[in-house]
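Hi everyone, thanks for making time.

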Amino acid sequence: MGIRRWGVLAMGGVVLVLAGCAHLWAPPAPTVIFGPPVVQGERGELVVSVADIPQGAGALAVEFGGLVYPADKLADLKVEGLNGFVVLAQRFEAGQGGFVLASISGIEAGPIARITFRPLAPVDPGDFAVDGAKVSLADEHNEPVEFTLSRPAYYAR
């Protein structure tokens, strides 16, 4: 076998190896992140962020009941928009909540909302539950975005 054939076979092998590895890399999936609650004194907050939104996040909606919390531990919940996001609607009562935010400029990654609350007892990450089926995300062109929901890891002892 000549050097030319070995070269062709070697190149063919390299192409096959690279083609086999191509499925291992995929672009990051769009993500909505509900961070851990942080309490300082008589005030607590939970930050909502987005990551890897190619067209920029333009709106986020959490249907009423999409956010559940213990009403005997948390009071006076309010949502504040961040990084150009404006709160269009919010409702929190009897341990359930929901809200709608929008922005005309969009954001690819970063915090978009802060949920503030008054703690009535010690608070931990397990106190907030988010139902991903009741969360909707749209890009800056008002097109729906498929996303993964991320919550902080919570370990019980």
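Let's start with K73, which counts as buried because its relative accessibility is 17%, where buried means under 20% relative accessible area, exposed over 50% and partly exposed in between, with a 1.4 Å probe and protein chains only. Do keep in mind that this is a predicted model: local features need pLDDT of at least 70, side-chain atom pairs count only at pLDDT 80 or more, and totals for chains, interfaces and linings use all residues. Residues are numbered from 1 along each chain as its sequence is written, and side-chain values use heavy atoms, with hydrogens and water left out.

So what surrounds K73? Setting aside neighbours within four places in sequence, its contacts (heavy atoms within 4.5 Å) include R118, P119, L120 and D127. With D127, K73 forms a salt bridge at 2.8 Å, N to O; the term means a Lys or Arg side-chain nitrogen within 4 Å of an Asp or Glu carboxyl oxygen. D127 is buried too.

How many salt bridges does the structure hold? Six. R114 pairs with E45, the closest N and O atoms being 3.2 Å apart, and also with E80, at 3.2 Å. E80 is partly exposed, at 35%. Together, R43, E45, E80 and R114 make up a salt-bridge network.

Finally, the largest nonpolar core has 29 residues, and V48, L60, F99, I112 and F128 have the most contacts inside it. Here a core is a set of buried Ala, Val, Leu, Ile, Met, Phe, Trp, Tyr and Cys residues joined through side-chain atoms within 4.5 Å. Beyond its neighbours within four places in sequence, F99 touches F34, V48 and L60, among others.
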